[in-house]
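Visitor: I would like to learn how to read a protein model. Please show me the structure and take me through it step by step.

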Amino acid sequence: AFPLHPPLSVGRKVVERESEPSKRISLLGACPARGEERGVMEQLGGGDVASAQCVCLGAGRFLRAVFIPAMTVIGVPSIIAQPRSSNVVEMLAGRVDGSFVVHVVTPAGVVIETVTGVCGAVSLSTEKGRDSFLKLPRDLKRLRFIGVGITEAGYVQGSPAIETLAAFLISCCEAASLRAEAEVGPSATPEA
């Protein structure tokens with residue numbers, strides 16, 4: 001189970017919970033507008049980034065309003081990797097615990113407000129952030145989902161988003177291979 005950021009309510013307005021001062025979101029990379037360089041992962045928010053089972057490449061409305069809340073409902077902790085800027089990463093950092101509010105308007109015009117969140121975020125707009133992102137698979141032993149939410153312009157050969165996705169998938173394969181080798185151990189067959 002993922003107790004850090006379950007939706008607080010569905011179907012009615014939610015009153016935002018207060019965050020404990022010790023609970024913060026894990027940030028990877030940089031928040032240039034805040035003048036902070038963060039190249040080392042911080043263990044924040046009571047949610048361990050290594051527990052993430054979902055990584056989202058993109059930080060747009062679909063991922064934040066539909067995909068991540070769905071992952072949260074099924075108990076899957078998520079990390080957001082923002083490709084081009086750092087505004088969502090900064091917003092999550094400003095929320096202290098990695099939570100964000102989602103407003104849904106029903107066909108009847110009723111506004112449903114829920115609070116959901118992530119256990120980590122990274123801006124890929126800096127080399128340090130991208131390097132941190134590509135090192136994640138070593139720590140994500142239970143990665144099950146990769147959500148890709150990039151614009152049409154990002155789905156072309158040679159685009160930074162596709163190159164980052166390809167490099168991330170390669171890192172995932174390498175990390176899985178290293179884990180498999182560690183589980184098997186030295187070869188039991190005698191040398192000739």
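Guide: We begin with residue classes. Ala, Val, Leu, Ile, Met, Phe, Trp, Tyr, Cys and Pro count as nonpolar, Asp, Glu, Lys and Arg as charged, and the others, Gly among them, as polar. By these classes, the lining of the largest pocket has 9 nonpolar, 10 polar and 4 charged residues. Keep in mind that this is a predicted model.

Visitor: What is the volume of the largest pocket, and which residues lie nearest its centre?

Guide: The volume is about 430 Å³. The lining of the largest pocket consists of 23 residues, and Pro83, Arg84, Ile150, Thr151 and Ala161 lie nearest the centre.

Visitor: Which helix gives the most to the lining of the largest pocket?

Guide: Helix H4 does, with 4 residues. Helix H2, residues 87–94, and H4 each supply at least two residues of that lining.

Visitor: How many helices and strands are there in the chain?

Guide: The chain has 4 helices and 8 strands. Read from the N terminus, the order of elements is β-β-β-α-β-α-β-β-β-α-β-α.

Visitor: How should I read contacts along the chain?

Guide: Ask how far apart in sequence the partners are. Of the contacts between residues at least 6 apart in sequence, 66% join residues at least 24 apart.

Visitor: What share of the residues counts as buried?

Guide: A residue is buried when its relative accessible area is under 20%. Of the 192 residues of the chain, 43% count as buried. As for the surface, the chain exposes about 10,500 Å², and carbon and sulfur atoms supply 57% of this area.

Visitor: Which residues of H2 are buried?

Guide: They are Val88, Val89, Glu90, Leu92 and Ala93. After H2 comes valine 96, which has a positive phi, near 70 degrees.

Visitor: Where does serine 85 lie?

Guide: Serine 85 is in the loop between strand E4 (78–82) and H2. The relative accessible area of serine 85 is 31%, so this residue is partly exposed. Leaving aside residues up to four places away in sequence, serine 85 touches Ser123 and Ser125. Serine 85 and serine 123 are 38 residues apart in sequence, while their C-alpha atoms are 6.3 Å apart in space.

Visitor: How do I read an aromatic pair?

Guide: A pair of aromatic rings is described by the distance of the centres and the angle of the planes. A search of the whole structure finds 1 aromatic pair. Phenylalanine 133 and phenylalanine 168 form this pair, which is stacked, with 4.5 Å centre to centre and 15 degrees between the planes.

Visitor: Which parts does the pair tie together?

Guide: Phenylalanine 133 is in helix H3 (residues 127–139) and phenylalanine 168 is in helix H4 (residues 160–184), so the pair ties together parts that are 35 residues apart in sequence.

Visitor: What does threonine 164 touch?

Guide: Threonine 164 lies in helix H4. Not counting residues up to four places away in sequence, threonine 164 touches Leu57, Leu124, Arg130, Phe133 and Leu134. Its relative accessibility is 6%, so threonine 164 counts as buried.

Definitions and conventions:
Residues numbered from 1 in each chain as written. Predicted model: local features only at pLDDT ≥ 70, side-chain atom pairs only at ≥ 80, totals over all residues. Heavy atoms only, no water. Phe/Tyr/Trp six-rings, centres within 6.5 Å; stacked < 30°, edge-to-face > 60°. Buried < 20%, exposed > 50% of the residue type's maximum accessible area, 1.4 Å probe, protein only. Contact = heavy atoms within 4.5 Å. Areas by Shrake-Rupley, 256 points an atom, 1.4 Å probe, with all protein chains shown as cover. 1 Å grid on protein atoms, 1.4 Å probe; cavity = no way out; pocket = protein on both sides within 12 Å on 5 of 7 lines; lining within 4 Å. Points joined across faces, edges and corners; volume = space filled by probe spheres on them.
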